[in-house]
Amino acid sequence: MQREAVLHPGGPLLVFAGAGSGKTRVIVHRIAHLMSDHKVPAFRIFAATFTNKAAKEMRSRIEAMVQGGASELCMGTFHSLCALLLRRHAKEFGVKRDFLIYDENDQIEVIKSILDEFDLSPKEIDPRKIASRINRAKDQLKNPEDLIGYENEVFLEIFRKYQQSLAKAYAFDFGDLIMQTTIALENDSNLRETIASRFIHVLVDEFQDTNHAQFRLIRALSSAHRNVFVVGDDDQSIYGWRGADRRNIEEFRKCFPEARVIVLDQNYRSTKRILRVANAVIQKNKHRAPKVLWTENEDGDPVSVVRCASDRSEADFVVKRIKEMQRSGIPLTSIAILYRTHAQSRPFEDSLIAHGIPYRIIGGFRFYERTEIKDAIAYLRILFRPEDDVSFLRIVNRPARGIGEQTIQAIRQVAEEKSISLWDASKELIANSLIKRRSGLYQFIEWFDQVRNEAKSKLEKDGTIRIAQLAKRILEESGYLDWIEDDESRIENINAFLGMMEEFQDAYSAESPVESQGGEWGVLRTFLEQLSLEGESPKEEGEALALMSIHASKGLEFPHVFLVGLEEGVLPLRASNEEELEEERRLAYVAFTRARKTLTITLALERYLFGFRRHQQPSRFLWELPASEIKLDFGEEKGWLL
DNA sequence: CCGATTCGTGTTTTT
DNA sequence: CACGAATCGG
């Protein structure tokens, strides 16, 4: 069946690919096949993946199969691909080529400013909830006007203001990237013709986790040729909270009635026992396409279920088990600990450190989310885009320059009246001598303007500029470094960040010396963009154990998996309705099916949760495990509950 | 206006 | 527990 999918002659194809059925392999081979046997030029293939990391891996696997050209593939997340299209065809899309990308933190800051302006405290209205509602609207390709009558006026007013703020800063949020691209393609038939006829083949991985906007994008992109190849598994849809719509699978069949459907239900990854456990659990979901994965692999060991007294002893147990495995020659890289929430990693980290076992946390609190790194980024963004109010507010008084509430309000007022950015409003105040020459704001604006001008003229003269050097200068002259000098780790982080910039620029100028689309600030802009789109570059070195959330484990596999915290309130974390419960169950399913050889499930009777020590009930999912495939382990105590 | 301190609140998952 | 917001003295 894999072969059928790879060699599919053309037209729409829907591949139902169960966990471990060789989904990635099929996509990789499919692309390689198109390139070498059908002579499809790489740049005419559009392939959307779930993460940029996955794209990178696939790209290098394809590179190894075809001789060269894989670097030309348009492959990445929907967000990166849309950013690419919008930039490359900025004129046709009617957008500014140098747009910034706002991530969720930026969104929250914008919303907070708006709430402030409306005299609403963040207590009455949760900015995160607003952000989420805005994002969900965009997933449906809806703007505020489309929602009149469906959403309350206050929200719509905030939404409108929010869009204005982004427009002023020439910024797009994640939702805009998809929405702008899709709407333009749908409404402008010339543009659609140009773009859609360029991409002869459209491939989509993890199709079950696409949202409605992404579906419409796929439809528009494949309108010319209908060579659309989607791969997914409704049982692994775990991003409903982010707007993913599993109905896209049915929608696809409606929209492409001639589509061929191929089912990959042979699993090549796990043992029979692990698979039986996973199958048994997922079958409890009512809303799914019926299917049963099978395998020719060996039976393997029973799945162990271990009850521990507390979160601490759960961690100690797992670490003890890992030490035993290590002694018997199992490499740490073949083991993973999976949990529902990042908060659960703490006790494991403590225990691993105590035992001197190297580990790596995937996802979670990221480097670039540290305050000092965010500050540095904000300085760079203001340099590149003075109209970026979010960054302006962030650093205008860090370090303290005597610019407080009063001054900010004055700037805000001018900005509001003239409908300009805070930066321009500040300049306005200075020009009208409403601000004293000796004031902090005056000095700050003058100084920064000078830095920007010098950098610009240097760029014009030399054609290039070392961004790390520039950043260093800014952080020094602004007094930021002195301000944090007592904090050793912050200084270190800043230095690491500067190092990242150096590295990035070397790689960048080696890769695209001439073709640096995006104007004179190309390097800087691309650097900032990568930061918001994919976070820091992953440094994967050395023999280490992996810790990650179940979400982050999607698409990965490990010979040995520990799934921890199988308790009510942890997994399932919430189950206020059937829809939510089923998504939690799919999460458990995804976790089970990461394991190749052994799967160990643990739970604690007591754990720290919400600041309290709480006694925990075993997860309802434990009762769904087939007794014949599992081995109960009583841990330290007696009196098993099941 | 600054910075330190206290207070209170609220906790998923991520492009 | 950890963060941000409110508060207060300088």
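**Exercise 1.** In this predicted model, decide why helices H16 and H20 count as roughly perpendicular to each other.

*Solution.* Start with the geometry: H16 (residues 371-384) and H20 (residues 440-462) pack at an angle of about 70°. Next, recall the cut-off, by which angles of 65 to 115 degrees count as roughly perpendicular. The two helices are therefore roughly perpendicular. Their axes lie 10 Å apart.

**Exercise 2.** Find which residues make the contact of H16 with H20, and sort them by class.

*Solution.* Look at H16 to begin with: Tyr 379, Ile 382 and Leu 383 take part. From H20 come Phe 444, Phe 448, Val 451 and Arg 452. Now sort them: the contact has 6 nonpolar residues, no polar ones and 1 charged.

**Exercise 3.** Work out the strand order of the open sheet of 7 strands, and say which strands stand at its edges.

*Solution.* Trace the sheet across, and you will read S13-S14-S12-S15-S16-S11-S19, with parallel pairing. At the edges stand S13 (359-361) and S19 (630-633); each has a single partner strand, so one side of each is left without a neighbour in the sheet. On average, neighbouring strands are turned by 20° against each other, direction ignored.

**Exercise 4.** Describe how S15 is joined to S16, then name the strands that helix H26 touches.

*Solution.* Take the strands to begin with: S15 (residues 558-563) and S16 (residues 595-604) run parallel and are joined by 5 bridges. For one residue pair, go to Phe 562, whose bridge partner in S16 is Thr 600. Then turn to H26 (residues 578-592), which packs on the sheet and touches S12 (335-339), S15 and S16. The direction of H26 makes about 130° with that of S16.

Terms used. Residues are numbered from 1 along each chain as its sequence is written. Chains are lettered from A and ligands numbered from 1 in the order in which they are written. This is a predicted model: local features need pLDDT of at least 70, side-chain atom pairs count only at pLDDT 80 or more; totals for chains, interfaces and linings use all residues. Side-chain values use heavy atoms; hydrogens and water are left out. Two strands pair if DSSP finds at least two bridges between them. Helices (H or I, at least four residues) and strands (E, at least two) are DSSP runs, numbered from the N terminus. Axes are lines fitted to C-alpha atoms, for helices over the stretch in contact, and angles run from 0 to 180 degrees between N-to-C directions. Contact means heavy atoms within 4.5 Å. Angles under 35 degrees count as roughly parallel, over 145 as roughly antiparallel, 65 to 115 as roughly perpendicular and the rest as oblique. Ala, Val, Leu, Ile, Met, Phe, Trp, Tyr, Cys and Pro count as nonpolar, Asp, Glu, Lys and Arg as charged, and the others, Gly among them, as polar.
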